[in-house]
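Here are my notes on the two-chain model, as numbered points. Please read them with the structure open.

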There are 2 protein chains.
Amino acid sequence: MTPVLNANASAPIVLGVDLGGTKLAVGLVDSTGRLLHADRAPTLSHEGPARIVQRLIELCRRVMEVGAPAGNIAAIGIGCAGQIDSGAGIVRNPANIPNWGEVPLVSLLSDALGAPGYIENDANAAALGEHRFGAGRGARNMVYMTISTGVGGGVIIDDKLYRGENGNAAELGHITVDYRGRRCPCGCIGCLELYASGSAIAAEARALIQGGLSSSMTAAAGSVDVITGRHVVEALRQGDAVARQVWDGVLPILGAGVVSVIHAFNPSRIVIGGGIAQAGELLFAPLRDYVARHTIPIMARVVELVEARLADQGGIYGAAAVAIQNC
Amino acid sequence: MTPVLNANASAPIVLGVDLGGTKLAVGLVDSTGRLLHADRAPTLSHEGPARIVQRLIELCRRVMEVGAPAGNIAAIGIGCAGQIDSGAGIVRNPANIPNWGEVPLVSLLSDALGAPGYIENDANAAALGEHRFGAGRGARNMVYMTISTGVGGGVIIDDKLYRGENGNAAELGHITVDYRGRRCPCGCIGCLELYASGSAIAAEARALIQGGLSSSMTAAAGSVDVITGRHVVEALRQGDAVARQVWDGVLPILGAGVVSVIHAFNPSRIVIGGGIAQAGELLFAPLRDYVARHTIPIMARVVELVEARLADQGGIYGAAAVAIQNC
């Protein structure tokens, strides 16, 4: 028995399961936000869904043995990239895990672990996590945006996740910021994600360097071809001129996207996470300035832009929040 | 007594009040959607708020004398352009009525007519009206867009109006479709309304004609300077080449706006009203085609685009729906 871990016996404990393309992360969280125990393992996505799910169940059992030895978890929450049918509990072709097909992940975990399970896509889960445990606490109408490899979002309305008609609301990376722009793989024209994602920022930096500009990013990454969004953020912090040029180009595009989100949802808080948000004030100061200058004043007055707070544990906390909202 | 009008005695009767810049419209509606009696009068906006409100109250009394002689109305609903503080019941500087200031319209009407009053901006009221009585019936998650002098919107989520943090959600005319575009009077860059409103469409037609093209719109309007969006729609119906050129230019912009709205809200229905929507299939056929080609398929599958149905009575029905949702 581990009395310290179960000190708050009245707070239900849930299992948060974050299924990503490169890692599996599992943690026990109580409803007050205490992370009781967590562990992680590589996804090894090439092994296929049957083995991934088996190893995921084993990881869950190991975490429960330490953090909830009485087996008393109230629910299992799952966050996963890709198309989710949250009603049926099915994951279809998650991003970055090939040959997945359709897997009834909720019933598989639920049967194996003996607790009801619930699932949301990773951006919706992160929105719920930040709202309950992180930078969104207390905001009744909150928008979460993630600027990472792609751009995603999740919307909290009246303290509840807004799913839309079939669970796909808040695809905020796929609102048009340039109606004459390029076609996005999603089908849409000139999507925000095409210009303001980590991938887009990295591609712009690589293009400038390949066009002849010199940058510290080349040495930092080892080769121009493997420069990522994080290299751009790091070089920006160090005053690199190419990184600054890329950043100055992306800010008004990201700003336009954020203002569109404000004008659509009139939220009181926008929480921004993902690797690019780790630029901190280099992102938030100019973005707040853009919003102040370009938002309808009556809406600008009530909204604040803040950085996501859960960082590396965001996946587990988000999945835990999915479970808690269903408890 | 008028037994025909009060045939359905169990259905509560509400008074719908539509305060516009050019006309006042008032009607009695029961909760089944029967319009029992209605009347209208010019706003005479130059007369100032005190006289406008006085004449509005007189109009309400005349309508109630005929349609609800027992005075048994359950509530008053008000729809009005401009900034509304729906909680406090105040209208601030409504569009097209100069020198208005702040008027506590709800308490003035409520005290004079002896029933509780509620107010929303005109686009939110129209959304509620279409949802309860018109083309949005049965759609749990519905977006209403109006394409008129400006572009506005209202969003129904889980069968309820979504107001946002301070009542200003769904300013759908002010989402960016061109981040490098012109600055809108609202402060935002490249707003949908700048390119796809009735005013924008008319301005484009006038510019083409003033640039040397010949069009039937000039004779129809009497002069190039007074061509409006409705003239463009009428000329389009008759096969006018300049109107067609304007239309072909605006469709992909409007399409991008509609797709952004779908990707943000994942609705099951988008109801489009306003003067430009009266183009009917000339608008809806190409817009549906654009949406089918440029929307994320899982969201395209569940959404339909339909024309608003309440037309000229939309203001009264919208205001009545504002009252009913508060009954």
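1. Ile201(B) sits in helix H5 of chain B, residues 198–210 (helices are DSSP runs of H or I with at least four residues, strands are runs of E with at least two, and both are numbered from the N terminus). Ile201(B) is buried, at a relative accessible area of 2% (buried means under 20%, exposed over 50%, partly exposed in between, with a 1.4 Å probe and protein chains only). Leaving out residues up to four places away in sequence, Ile201(B) touches Ala196(B), Val232(B), Val246(B), Trp247(B), Val250(B) and Ile276(B) (contact means heavy atoms within 4.5 Å). Gly249(B) is 48 residues from Ile201(B) in sequence, and their C-alpha atoms are 9.2 Å apart.

2. A word on conventions. This is a predicted model, in which local features need pLDDT of at least 70 and side-chain atom pairs count only at pLDDT 80 or more, while totals for chains, interfaces and linings use all residues. Residues are numbered from 1 along each chain as its sequence is written, chains are lettered from A and ligands numbered from 1 in the order in which they are written, and side-chain values use heavy atoms, with hydrogens and water left out.

3. Next, a strand residue. Thr146(B) belongs to strand E9 of chain B, residues 142–147. Thr146(B) is buried, with a relative accessible area of 16%. Which residues does Thr146(B) contact, leaving aside its neighbours within four places in sequence? They are Val151(B), Gly152(B), Gly273(B) and Gly274(B).

4. Now the interface. Chain A gives 46 residues to the contact, and chain B gives 46 residues. About 4000 Å² is buried between chain A and chain B, with 54% of this area from carbon and sulfur atoms (buried area is the accessible area, 1.4 Å probe, that two parts lose on being put together, summed over both). On the chain A side, Tyr162(A), Glu165(A) and Tyr179(A) lose the most area to chain B, together 17% of what that side buries.

5. Polar links and make-up of the interface. Between chain A and chain B there are 36 residue pairs in polar contact, both residues at pLDDT 80 or more (a polar contact is a pair of N or O atoms within 3.5 Å; within protein, one must be able to donate a hydrogen and the other to accept it, and residues adjacent in sequence count only if both atoms are side-chain atoms). Helices H8 (241–265), H9 (281–294) and H10 (297–300) of chain A are the elements that give two or more residues to the side touching chain B. H8(A) gives the largest share, seven residues. By class, this side of chain A has 23 nonpolar, 15 polar and eight charged residues (Ala, Val, Leu, Ile, Met, Phe, Trp, Tyr, Cys and Pro count as nonpolar, Asp, Glu, Lys and Arg as charged, and the others, Gly among them, as polar).

6. Salt bridges across the interface. How many salt bridges are there between chain A and chain B? The count is two (a salt bridge is a side-chain nitrogen of Lys or Arg within 4 Å of a carboxyl oxygen of Asp or Glu). Arg180(A) pairs with Asp178(B) at 2.8 Å, N to O. Asp178(A) pairs with Arg180(B), at 2.8 Å, N to O. This pair crosses between chains, from the loop between strand E11 (160–162) and helix H4 (192–196) of chain A to the loop between strand E11 (160–161) and helix H4 (192–196) of chain B. Asp178(A) is buried at 3% relative accessible area, whereas Arg180(B) is exposed at 55%.

7. Salt bridges within chain A. The whole structure holds 26 salt bridges over all chains. Asp85(A) and Arg92(A) form one at 3.9 Å, N to O. Asp85(A) is partly exposed at 26%, and Arg92(A) is partly exposed at 25%. Glu234(A) bridges to Arg237(A), with the closest N and O atoms 3.2 Å apart. Both lie in helix H7 of chain A (residues 229–237), three residues apart, about one turn of the helix. Glu47(A), Arg51(A) and Arg55(A) are linked in a salt-bridge network.

8. Aromatic pairs. Five are found over all chains (rings of Phe, Tyr and Trp, its six-membered ring, pair if their centres lie within 6.5 Å; planes under 30 degrees apart count as stacked, over 60 as edge-to-face and the rest as tilted). Phe265(A) and Phe265(B) have ring centres 4.5 Å apart and planes at 40 degrees, so the pair is tilted. The pair crosses between chains, from helix H8 of chain A to helix H8 (residues 241–265) of chain B. Phe265(A) is buried at 1% relative accessibility, and Phe265(B) is buried at 1%.
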